[in-house]
Amino acid sequence: MSVRKRIGLIGAGNIGGELARLCAEEELGDVVLFDVPSRENLAKGKALDLEQDCALRGRDVSIQGTSNWRDLEGADVVVITAGVPRKPGQSRDDLVATNLPIIRNVAANAKAVCPGAFAIVISNPLDAMVYEYRRVTGAPRNLVAGMAGILDGSRLALFVAREAGVSVKDVRAMVLGGHGDDMVPVLSMTTVHGAPVAAVLSPEKLAAIVVRTRKGGGEILALMGTSAYFAPASSAIAMARAYLRDEKRLLPCAAYLDGQYGYRDIFMGVPVVIGGGGIERVVEIPLTFEEKSMLDKSGESVKSIVEVCRRTL
Ligand SMILES: NC(=O)c1ccc[n+]([C@@H]2O[C@H](COP(=O)([O-])OP(=O)(O)OC[C@H]3O[C@@H](n4cnc5c(N)ncnc54)[C@H](O)[C@@H]3O)[C@@H](O)[C@H]2O)c1
């Protein structure tokens, strides 16, 4: 007999609400939408609205809003968006002072109530928050991942498709490294239905696409006054689905590195295989000299923000 899966969403804000909607739409599992006590009614309201939406759309899941950690007991997956998003003009790293105590609080509670859950961290600065989550929970490395590369890759894929005048369905795009301004769009692995992107677009156009991809979050932030949330939610759902359905998907995610790509004891965006075992392996792909140099620069940025967290123990 199969048991219904439970998905805990920590943070019931913009991304949290969209995550709940996607979990329901795909019937991935029952949802617990958690927020702090002052926002419990928001979580309860979103949950009720979404359950009514499920009644209309014929989706058989339960969605519960709460501010009680006990309701997360035994969750199979937790997706963490707790914290504040950027405001226009802020970098992701500017959020560390506010979001560091929040991720530590979330991790301590998650450790107590759902230690076996596959955790997907979204809160920024991503690479530092996912590192802290694992440090505090002490969870096995295969059960903790950060979401960034899928989102950044979707931005790269979109810009390539628009510029090349081809369907976005035919573009495969890879973005690795830290989730900051020096992320690494890996053009050597970006293709239009297998054709190298360099055969389709000029170096000038590709250079402009790289810049736009790196600033992709900031572009939306400047327009809306807050962070993107539709594509970030879809990206995390791809990871949750891969775990819950043992899909063995190869996805770029922030994963704990223990020597891969020359890094130890940091989380950074690399290709991983996600299946029923969580992050089942890190895949090492060949990078050009220029891409490896960019990855090293990005790795240094990740190390320095993690160092900020270590200093505030
Ligand atoms: N990794 C990525 O690619 C990516 C993309 C977009 C946004 N983000 C980040 O995701 C985070 C959430 O973004 P958002 O737009 O949903 O923000 P939001 O402000 O709409 O929602 C955040 C929610 O977290 C809640 N929260 C605060 N402290 C909490 C705690 N201790 N426990 C539980 N909940 C708590 C807040 O009350 C709020 O409802 C931000 O840090 C943002 O920068 C990351």
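Which polar side-chain atom lies 2.6 Å from an oxygen atom of the ligand? The atom belongs to the side chain of Asp 35.

Before we go on, a word about the model: it is predicted, so local features need pLDDT of at least 70 and side-chain atom pairs count only at pLDDT 80 or more, while totals for chains, interfaces and linings use all residues. Residues are numbered from 1 along each chain as its sequence is written, and side-chain values use heavy atoms, with hydrogens and water left out.

**Around the ligand**

| Side chain | Distance to a ligand oxygen atom |
|---|---|
| Asp 35 | 2.6 Å |
| Arg 39 | 2.7 Å |
| Asn 99 | 3.5 Å |

On its own the ligand has 870 Å² of accessible area, and the protein covers 91% of this. (Accessible areas come from the Shrake-Rupley method with a 1.4 Å probe; for residues, only the protein chains shown count as cover.)

The shell holds 29 residues, and those that come nearest are Asn 14, Asp 35, Arg 39, Val 84 and Met 147. To be near, a residue needs one of its heavy atoms within 4 Å of the molecule or strand in question. Sorted by class, the shell has 16 nonpolar, 11 polar and two charged residues. Here Ala, Val, Leu, Ile, Met, Phe, Trp, Tyr, Cys and Pro count as nonpolar, Asp, Glu, Lys and Arg as charged, and the others, Gly among them, as polar.

Which elements give two or more residues to this shell? They are helix H1 (14-25) and helix H3 (96-113), and H3 gives the most, with four residues. Helices (H or I, at least four residues) and strands (E, at least two) are DSSP runs, numbered from the N terminus.

Elsewhere, three strands form an open sheet in the order E7-E10-E11, with antiparallel pairing. Strands E7 (171-172) and E11 (195-196) are at the edges with a single partner strand each, so one side of each is left without a neighbour in the sheet. Two strands pair if DSSP finds at least two bridges between them. E7 and E10 (residues 191-192) are joined by two bridges, and Arg 172 has Thr 191 in E10 as its bridge partner.

Further along, a hairpin links E13 to E14 through two residues. Four bridges join these antiparallel strands, and Val 273 stands opposite Arg 281 in E14.

**Two backbone details**

Most residues other than glycine have a negative phi, and most peptide bonds are trans. Tyr 261 has a positive phi, near 55 degrees, and lies in the loop between strands E12 (249-258) and E13 (264-275). The peptide bond from Asn 124 to Pro 125 is cis, with omega near -5 degrees. Pro 125 is found in the loop between strand E5 (118-121) and helix H4 (126-137).

Definitions and conventions
A polar contact is a pair of N or O atoms within 3.5 Å; within protein, one must be able to donate a hydrogen and the other to accept it, and residues adjacent in sequence count only if both atoms are side-chain atoms.
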